[in-house]
Structures are given as C-alpha cells and as structure tokens.
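Hi everyone, and thanks for coming. I'd like to walk you through a structure that may be new to you, one stop at a time.

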Amino acid sequence: NLNKAFENKKSLEEHIVRVYENGQVHVLYLNGNPRAAQSLNGTLKTNEKNVIIKAFRKLQRAISQMMTSLNPTFALVANPMRDYQTALMNTLINDGVLAGGKFMLEHLRSFLNLGWSVMTFGKGGYARMFKLYEKGKLDMSKEEHRLFKEFADNGGITGFIESSAIEDYKSMMDGMLRTKTWPTITRFLDKSSEFLSTGNTLMENMARFATYKAARKRGLSIQKSVKRAKDYSLNFNQRGLANGEGVIGSLAWLFNFCYLFVNPTMLAFGMMVNNFKNHPAKTTFYQFAVPPMMASMIVPVLNIILASLLDDDDDDDIRDIYGTMPEWKRRNNICLYAGNGHWVTIPLPIELRAFYGIGETLVSELWGDTEIGKTFGWDKMKSDRPAEWQIFDLLMTLTPTSIVYSGGGIEDLED
C-alpha cells in the first residue's frame, strides 16, 4: 500500500527494513536514497558462501581484534593519540583556530576525567558516566552528564549495526549459555577480554565526545555536533562499497579481502580529499605544510635540546641521536628523546604520515651534506634510496596498497 511503482522486486527490497517485534513482522519503508535502508537490512553485506572465504574472514577478524581492541598498546595509547591528532586537524581545517582551541580544552578535560576514572578504579569520572548512562541514572543538572546523554542518544558513540538471521541468534544464545559451564580460567580470560574492550570504548570515544562538547558550546545544534564527532575522527566500523557488486564493488571487496584495515586507510584518504576540496588553503597549511616542517626542523632540533639536557654525551653523539633511529619509526611517529637511550613515540595518523616523511626526505636530501645539516643531524637522516623513490613510497601509504614503503613487502625495486 505504498502507492509507488518499482522496476523490479529488488528495487523495492532495497528500501525495506523488516523488524520483528513479539513475533509480528513490521515492514518499514525508507524513502529517498536506498543506502540508509541497505545499511540496516544487510543488502550491503557481502554474500560470501564459500567455506574457505568464510574461514579466512574469521581469521582476519580475529587478527584484527588482536591488533586493535584486544591490544592494550593500540587501544589505550596509539589509537587515542591518532584520534586526537585527526580530530584536531579536521577541526582546525573546517571550523578554524578558535574551534581548535576549544576542542583541545575539552579533550584535556575528558583526559583528566578519564585519569580520575583510573585512579578510582572506574567508580568516578568518565567511566562512571558511561555506567550511569547505561543504567539511565545520569544527573541532568550537571552539564557534562546532559551533554553526554545528548551525545550518546543521538548516535555519537562508535558502534555498528549487524543484521543476522534467526539461526545466528540461536547460535549466539547457545554460546552465552555455554560460557556458564566454562572453567574458571576461561571465564577469567573472557572477562579480561571484555575489560579491554570496555577500556577501548572509553578511549575511542574520548576525542569524539570532546569534539561534540566543543561544537555544542560554540552554539551548534545537536545534529551538527554529532556529525562532527563522527566525521572528524576515523570510524573503523564504517562500511563502503565492498559488497562485490559491479566493478567498483568487486575491486573494493578484493582490497578488503587481501589487506587488513582497508577501511581506515580509505576513510583517511577520503577525508583528506574532501578537506582539500572544501578548504584548499587551510588543508595545504595544516596537512601538507605543518607535518613536513615538524619532521624536518622542529622534532630533530627539539631532540638535540632534550639529549643535551638529559645526557652527558659529547656533541657529535647528541647531534646524531635522532638520525640513527630506524627510518620507519621516525617517519611513522613523533619521536621524543627521554634520556639514557629511551624514546617516547607518539603515533601519527594515516593521513599525516606521508607528508611527515616527505618533509624529512626533502630536508635530508637538500641540506644533509651542508654545515647546518650536520649541525642539526639532518645528514644522519639520509636514506640510501633516491629521493623521488622515497616520496613515491610515502605517498603510497595513503592507499591500501602500501607494499613498498620501508621494506613493507618489496625492496630495491629501482634495481
């Protein structure tokens, strides 16, 4: 009874979402662009019936989890740092310097709030606010609680939608019942995994909540603030056209099948292209100019200062200390010397690494052999490979086919 004409049944199904409530089927029709309905009804989900492919997918998911949500180093340190840098850069490009300052302030508050949560073992601060939200007990007289409820109720928290058949739900319920009979050590490992996942959720949403708060306090609407919170940092759960349909869908599926973490790579690249399209001048400055300047001048000089303050080595050792680090580590992290041969590394987000490395390449090649280059240790940052090949390798990191950069799979192709 929609009073609409469709070319075929498939066109109708693309707009329909079936919802089961108390055994009764409700059919929801979503008008306009079918992508919204498709993301809910599973149409975009690749139909992979091959047993070998399904088994490989399970292995991929397990490896991805071990590298991300179940890896404390990634979940609690590397990923939040990358989210912060990405969100700050996007705020500066799209909303300006004042908005960037507000975001930094709100992120600092969220970080201190999280620190209080750790000190109180989850009984205060950021973690407690999450628990209160889940129980529906937030204090609406507190601005932080009110903003968090807005943020969470309107889709600000990172999540995903999964469309499963009734047989899949039966299997999930059987699995939940089986955990009750597991040995104590197995239940302990399961709880540990759940604890890490919760910590990952808290850290993953810190930059997003800070983005939301900064936008709301600047007078933006709830909807616009939530959109910024979701769009200004990478969301690993976003799906594209990797459903195997058509030429683009087939290529996307192939990349997604052959490489881990294609989604964040493509999201970062798309974000960069959109920023340049909408704000060419600011994107050129914040994304293409600042990272090279930091890599080539600020960080090496800062490390010379740190080494001279923290160590008693002679001048030559101090000048060379940054350049003798592994090239891959230097170009993928902001490395700060901490004394006695120890380093603090701040991981760089995908969309900044290439230009950070290009800055180091250009300075070491152009001025590495000069007196000023030797003074600042730029001569030690020189690579054995030609500069043009290094730059090509670095730009390749912006794509999911980054196989040649720093020994990533194919070496010495120039030969």
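**A short tour, from the loops inward**

Let's begin in the loop between strand E1 (16-21) and strand E2 (24-29), where you will find Asn-22. Just so you know, what you are looking at is a predicted model. Asn-22 is not a glycine, and yet its phi is positive, about 55°. To see what makes that worth a stop, remember that most residues other than glycine have a negative phi. Is Asn-22 buried or exposed? Its relative accessible area is 82%, so Asn-22 is exposed.

Asn-340 counts as exposed because its relative accessibility is 67%.

Next, let's go to the helices. Thr-91 sits in helix H4, which covers residues 72-95. With 3% relative accessibility, under the 20% limit, Thr-91 counts as buried. What is Thr-91 in contact with, once we leave aside its neighbours within four places in sequence? The answer is Gly-96, Ala-99, Gly-100, Phe-103 and Tyr-232.

On to helix H7 (143-153). Its buried residues are His-145, Leu-147, Phe-148, Glu-150, Phe-151 and Ala-152. As a reminder, an α-helix has 3.6 residues a turn, so residues three or four places apart point the same way. And where do the buried residues of H7 pack? They pack against H6, helix H10 (206-217) and helix H11 (222-231). After H7 comes Gly-155, with a positive phi near 85°.

While we are here, look at the loop between helix H6 (125-135) and helix H7, which is where Lys-137 is found. Lys-137 has 58% relative accessibility and therefore counts as exposed. Lys-137 also belongs to a positive surface patch, together with Lys-123, Arg-128, Lys-131, Lys-135 and Lys-142.

Let me take you to helix H13 (residues 262-278), the place of Ala-268. Ala-268 counts as buried because its relative accessibility is 1%. Follow the chain for 81 residues and you reach Pro-349, yet the C-alpha atoms of Ala-268 and Pro-349 are separated by 8.5 Å. Setting aside neighbours within four places in sequence, Ala-268 is in contact with Leu-234, Ile-350 and Glu-351.

Pro-300 counts as buried because it has 1% relative accessibility. Beyond its neighbours within four places in sequence, Pro-300 is in contact with Met-294, Ala-295, Tyr-322, Phe-376, Trp-378 and Met-381. Take Tyr-322 from that list: Pro-300 and Tyr-322 are 22 residues apart in sequence, and their C-alpha atoms are 6.3 Å apart in space.

Met-297, in turn, has a relative accessible area of 38%, so Met-297 is partly exposed. It is part of a nonpolar surface patch of about 650 Å², along with Met-293, Ile-298, Leu-362, Leu-366, Trp-367 and Ile-372. Which elements give two or more residues to the nonpolar patch? Those are H14 and helix H17 (350-367).

How values were computed. Residues numbered from 1 in each chain as written. Predicted model: local features only at pLDDT ≥ 70, side-chain atom pairs only at ≥ 80, totals over all residues. Heavy atoms only, no water. Buried < 20%, exposed > 50% of the residue type's maximum accessible area, 1.4 Å probe, protein only. Contact = heavy atoms within 4.5 Å. Patch = residues over 30% accessible without salt bridge, like charges linked within 9 Å, V, L, I, M, F, W, Y side chains within 5 Å. Areas by Shrake-Rupley, 256 points an atom, 1.4 Å probe, with all protein chains shown as cover. Salt bridge = Lys/Arg side-chain N within 4 Å of Asp/Glu carboxyl O. Lys, Arg positive; Asp, Glu negative; His and termini not counted. Charge placed at Lys NZ, Arg CZ, Asp CG, Glu CD. Helix = DSSP H or I, 4+ residues; strand = E, 2+ residues; numbered from the N terminus.
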